[in-house]
Amino acid sequence: MSCALCSAEGATRFFAVTGGPEEAGVQICATCQTQIEGSLEPDHWRCLASSMWSQEPAVQVLAKRTLERLADLDWARDLADQLWLDDETRAWADNQVLGSGHVDSNGAPLSAGDNVVLIKDLPVKGAGFTAKRGTAVRGISLVQDNPEHIEGRVEGQRIVILTKFVKKK
Ligand SMILES: [Zn+2]
C-alpha cells in the first residue's frame, strides 16, 4: 500500500483521525505518523499539495490539520486556503484544533488528567451519597462523544459529572 499523505510505497499503519465519525482514519507511513505525533519537518509536507485533493474526508481533515500546524510558512498557508472542505468535513477538522470540546464552568478547556473542583453539591444517582461542593476530583477522564460529561473518582466511586458543575484547578 502507499501512504495516503506522502504516497511512499511500503508498509502503512492505520492512523485514527479523531473528532469525526467513529473509527475514521487513514493508512499512512511511519515517517508521516512520527511527524504528526511529534514535530513536523516542513519540507516533507509539501506532499500535501497533491494528497489534500483526496476524495477521502479523513485524508482531507488530516491534511488540513497538518497544514494549520505549518501556518507560519507561506506555502502551507496558501495550500490551507486552497483546500476547500464541505461544512461537515470542516467541522470535523476544526473539532480537533479546538480540542475535544470539554470546557469547565468558566469555559476553560478540560483535558484528560486534569484536576477539578465541584462548584455545587451533586447527588450521585444510584450511589446514595452527595458529592459536596468543593470536592477535588483528580485525574478526570473525558467522555469521548459527550463534551458535557467527564468522569472522575469521588469517595472511591467512579462517577460521571457534568462539566458545567466543575472548575479546573
Ligand atoms: Zn507518508
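1. Let's begin at the metal: the 4 donor atoms around the zinc ion subtend angles of 106 to 114 degrees, so the arrangement is tetrahedral (four donors with all angles between 85 and 135 degrees). For reference, the ideal angle for four tetrahedral donors is 109.5 degrees. A word on the source: this is a predicted model, where local features need pLDDT of at least 70 and side-chain atom pairs count only at pLDDT 80 or more, while totals for chains, interfaces and linings use all residues. Residues are numbered from 1 along each chain as its sequence is written, and side-chain values use heavy atoms, with hydrogens and water left out.

2. The ligands are the SG atoms of Cys-3, Cys-6, Cys-29 and Cys-32, at 2.2 to 2.3 Å from the zinc ion (donors are N, O and S atoms within 2.8 Å of the metal, or 3.2 Å for Na, K and Ca; water is not among the atoms, so sites may look incomplete). Along the sequence, these donor residues follow the spacing C-x2-C-x22-C-x2-C.

3. Helices (H or I, at least four residues) and strands (E, at least two) are DSSP runs, numbered from the N terminus.

4. Elsewhere, 3 strands form an open antiparallel sheet in the order 7-8-9. Strand 7 (141-142) and strand 9 (157-162) are at the edges with a single partner strand each, so one side of each has no neighbour in the sheet. Strands 7 and 8 (residues 149-154) are joined by 2 bridges (pairing needs at least two DSSP bridges), and Ser-141 has Glu-151 in strand 8 as its bridge partner.

Key: Tetrahedral: all angles 85-135°; square planar, octahedral: opposite > 155°, others 65-115°.
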